[in-house]
Amino acid sequence: MKVKQTFSVAWVNSDTDKSSGRVQCPSELANQNSGYEPPLEVDTWGYEEQIYEEDLRRIERLFQEADTDGGGGLDMEEFRESMKKILVGVDDEELDIIFMKVDTNCDLTVDWDEYLNYTVLEYTEKDALHRQTRPLYFPKSLKIVPVGHSELIVRLQFNPDQSPQSREADKGGQAGVDKAQPQPGCYLSVSRDGVLNFWSENFNRLRAVSLDHVQRSRGEKIWVTNMVCISNLNLMAISTTGRDLDFFDISASRCDLVFSLTGLKNYVLVMDYWSDGKNGVFSVGDTGGGILVFISSDVNQHGIFSTANIINIGGKCCLPVSALLKNTSKDYQNFRVADLHGDWCCQIQFIPELKAIATCSASEDTAMVLTQVPEPHTKGVKKCAFPLKKGILCFDYSPKFNVLVTGSVDWMVRLWNPCTSKAIAELSGHTSAVTHVVVNVHGDRIISISKDKNVRVWDLKEYGCLQNIHPRSIQMGHFPISDILYNKASDTLVLATDKMGVLHGAEDVRNKEATSHKQPLCCALYNSNFKQVVSGSHDGMVIVWDVLTGEKVMQFVVGNGVEVTAMAFDGPRRRLITGSKDGSIKLWNFNNGALLCELPKLDGSEVTGIVYIKKRIYVTGWSKRVMWFLDLKEDDRIEHRQWKCYHSEDIYCMDAYRNKLLVTASYTGDMVVWNVDSGLAFSRLNSHESPRPLLPIRVFDEPCVRQDTIKTQQGSVGTQHPAAPPRRALASAGKGTSQTHTKPEKRCSSQGTCSASVTMDSADTSSFTENPSEKTNIEKKIKRPSLAVEKVLFLHTRERHPDSAILLTSNADGYICAWSIDPRGGMLAKFKATQHNDAAVCSMSTDLEDQILLTGDTRGYVKIWDISDFWNCTGEGNSLRLPDLIPAYCRVERPITPAFQNETEVLDGWSVSLTPPPLLSSWRCHLKAVTSLEYVDRFQLIVTASLDCNVRLWSIAGKYIGTFGQGLWNVGVTDTLPLPSELKRVGSYQTLKVINEGTRPHWRCAEKVRKLVRQRKQRSQVFALLMGNKEAAAKIEELLPTDPRIAKYSKEQIEETWHQWQVKGEQKSSILGGGYVQKVRYHVPPSFDRKDVCNR
């Protein structure tokens, strides 16, 4: 089981084991003290990730033990009890989810073969998913930077800018704030012979300084061994083979020597400096394996060293180390640990999270040692040793996972816990000694470099290699990599030999520009069993998302570039059924991407609707027919049937009612209601023909059917089109067309009864004896899309009744019709559901209690309607009303269209209500059409999918939670992802008000400004009208309906106030005011010649 350790180290006092001459490790301490246990803290990793190979063997034995009847399977209760022995702290709901994932055949039992196959397939697909989706950490090739010298570079450093603004940013970064912007500064490189180069952030050389004048002593050549920048003091420390530490001022261009540390017993090889803006720690390691540590409580005020003991030797300021170690000031704390390692120190680093100095060497017993910083004025230091054969050459620390990462001569990269002396993981892949390791800024990636210039990037979570840069791609000469510098602020890796090479990390854009899919979405379904969203796109890609976190769980391809056009779950909601453009229908275990079954392809037409009823899979589409396939076991032959054809054009959508009825809707506006048990069509609905139910018309032969349909409709409904457009293009095909279409010729009486023969006889056949003009055909095709039905939706909680609407349909003209499919019923109401004339509702959804209706249109708007009392005569009151959960600020201030209470329309003697249900909320979720809407009842969330390739999650109040694939979230936490930039850019006042939860009053000011501009424009047009401008009258007719004070009145009411004004002699209208003049009564005043007027 994976565990996470607390930030603590098993310290050992060096004074307690002086006789042995070495440092004790935690394992030895555990043997001496049986009560010692490394502090462990169980982490909440995924419950499925707790299963390993040894657990699988135990599970196999549990399966065999639980199989008392010899059947080889476990039911859900037995499965729970068995898995609880393996997985600790997992509740029954999570175990039930595992059971349902494995039991894909829904026989309520799980055997060992099923479990093993599921486990192997799941982890195989997840591994493939990670490999496909993960980007390269270093996407660009190595950039070589010429240095201008031939000597080896021994050290690289980055000196950040020390301006006041940069210091504040640096303090924020030290406090734990994530630095989004790279910190300005310059790079420094020093060669072995003392050539110091300053580089810009783009690695342009700024200047070069030679340190020869301070490197010569007694006429001998002194080599530079290391360098470190003390940035907040503008100092640079140089260690040489002369044993002294020289400190230079790097604020000026000359780099003058300031002072030197003298009296060192051994040569300094490694140095390190750390500061949080106030405290500072300067540490060095020497050739004798010892360390020196200098700590200052305030480096900005007191410096890193006490200057009280500075002496002048030959014109050179010197600080004896012995004097610094005797310091008793409370502002400084200095100590030395001699012979810490049995070999040279290879690296030294202060780790503030552990409050320890970490060092490593090639010594086996003390390969790495953590030395605790002692409390002030205390004697003795505590140390913790990590033994390893052949020692450790390099290391780094990850605060996020509290692990030490090391590289060694045996080609291994190891991960250590500070609480134990054993490695918790070994990463193999290098073929030579690992000389440098570093952990990235986020703490979840390891970058390792070996002696043969092989650069590898590792995943610290999964212990896998993410990127391998071959040595032949590192063209930096024959020398091995002498030093590296990883700039965490800019995510840049700099390599050094006698040249410099730069690897730039991928820009951390936080996936802002990423989309959920690469192609437009076809559908997005919510699965309540597994709390997952399954989305499918036009490129055949199906992705499974965790709705609570937004994490991508699984990804697989339905076919080789075959477009997914329809999706649905089976009855138990454990399998996914997909339909494609080529007519193929497949069943999937969407939790591991396994293809379970492929149904026979009866027709190569596109599939547009899939419904699962009573172990039957009902499929329809451009074949104009309804087919069903019997869902049996894999070994059985799949039985299938085709129902009789009652559609003359392509079927666009389908829905079921309580596993009893089925409705299909086509391009011509025909909706056929079927009996599921008998497979017979018993009713036909068409809002453009009649508000009453009609008898379905059987289609026998396709060529004859198309001609008969044309005769019947006289080109208004059944006009044959060359190729029906795909559903996603229907809205665009209807754009620009008039929304007021001519009513087709009646085919039925007022009672709604008719027959095919009677209709055929009453049709006008003269159109087939004459060739219509090309213009007439074009006009008919343009009007055709407004008749199509985009979506059908049954309200399952309502009973069939003449006055109860149980079927909602959306037409391409933007209207939603409410139908009663009772023989005595018909179309009860219709209302405009879009605020733009060229938009149509292309997706609808309701909650489980049918209290609210969610609609998504072709412009990306989502609206929520209160339908709890909308033509519902059989409904019962519920304790929880979802409409009450929507805040008042979500209400639309002005209606979408002018609506009047109790207004009806009479069609063929049938009264149809035009009053829409209360509109609770409206906002724009996408910039393109919303192809799918799902309401998550348990969490009161809304899932939207669109042609803009995104799947997004919203609360019922319209609060934006996130876009799948653009980041992770936690449902229930107040902090959510930032709003997409495109919605901020084009969002209206209403959209921004809903998304911002009614706050941000500047949007209200923007709305007031917009109203003021509209009013001024109206006044200018009225003034122009009074001055005799003929064009002003037409412009006023366009402006007045947009005024919310006038839009709520009909033209008849306006005319009535005009008549009242005429009769009573009043000089103003109660609605329009005194400036209104009726258009038909207005006469342009005669024009007079100025000369004639003057002569008079």
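**Aromatic pairs, cores and cysteines in a predicted model**

Ring pairs join F247, F259, F282, F294 and F305 into a cluster. Rings of Phe, Tyr and Trp (its six-membered ring) pair if their centres lie within 6.5 Å; planes under 30 degrees apart count as stacked, over 60 as edge-to-face and the rest as tilted. The model is predicted: local features need pLDDT of at least 70, side-chain atom pairs count only at pLDDT 80 or more, and totals for chains, interfaces and linings use all residues. Residues are numbered from 1 along each chain as its sequence is written, and side-chain values use heavy atoms, with hydrogens and water left out.

A search of the whole structure returned 29 aromatic pairs. Y187 and F203 form a stacked pair, with 4.6 Å centre to centre and 25° between the planes. This pair links distant parts of the chain, 16 residues apart. Y187 lies in strand 8 (residues 185–191), and F203 lies in the loop between strand 9 (195–199) and strand 10 (205–210). Helices (H or I, at least four residues) and strands (E, at least two) are DSSP runs, numbered from the N terminus. Y187 has 5% relative accessibility and counts as buried. F203 is also buried, at 6% relative accessible area. Buried means under 20% relative accessible area, exposed over 50%, and partly exposed in between (1.4 Å probe, protein chains only).

W274 and F350 form a tilted pair, because their ring centres are 5.1 Å apart and their planes stand at 55°. W274 belongs to strand 15 (residues 268–275) and F350 to strand 21 (residues 345–351), so the pair ties together parts that are 76 residues apart in sequence. W274 is partly exposed at 21% relative accessibility. F350 is buried at 9%.

Two arginines lie over tryptophan faces. R192 sits over the face of W223, 4.8 Å from the ring centre. R616 sits over the face of W628, 3.9 Å from the ring centre. The criterion places NZ of Lys or CZ of Arg within 6 Å of the ring centre and within 35 degrees of the ring normal.

V284 lies in strand 16 (residues 280–286). V284 is buried, with 3% relative accessibility. Residues up to four places away in sequence aside, V284 touches L245, V268, V270, M271, G290, I291, L292 and I348. Contact means heavy atoms within 4.5 Å. The C-alpha atoms of V284 and S239 are 9.6 Å apart, although the two residues are separated by 45 residues along the chain.

Helix 4 (residues 92–102) is mostly covered, with 8 of its 11 residues buried. Among them are L95, I97, I98 and F99. D96 and K101 of helix 4 are buried too.

The largest nonpolar core holds 41 residues. Within this core, M671, V792, L807, I821 and L853 touch the most other members. L807 contacts V663, L685, V792, L793, F794, C817, A818, W819 and I821, leaving aside neighbours within four places in sequence. Another core, of 22 residues, lies apart from it and includes L235, L245, M271 and V299. A nonpolar core is a set of buried Ala, Val, Leu, Ile, Met, Phe, Trp, Tyr and Cys residues joined through side-chain atoms within 4.5 Å.

The structure holds 0 disulfides (pairs of cysteine sulfur atoms within 2.5 Å). C345 is in no disulfide; the nearest cysteine sulfur, that of C346, is 7.6 Å away. C345 is buried, at 3% relative accessible area. C949 is buried as well, at 13%.
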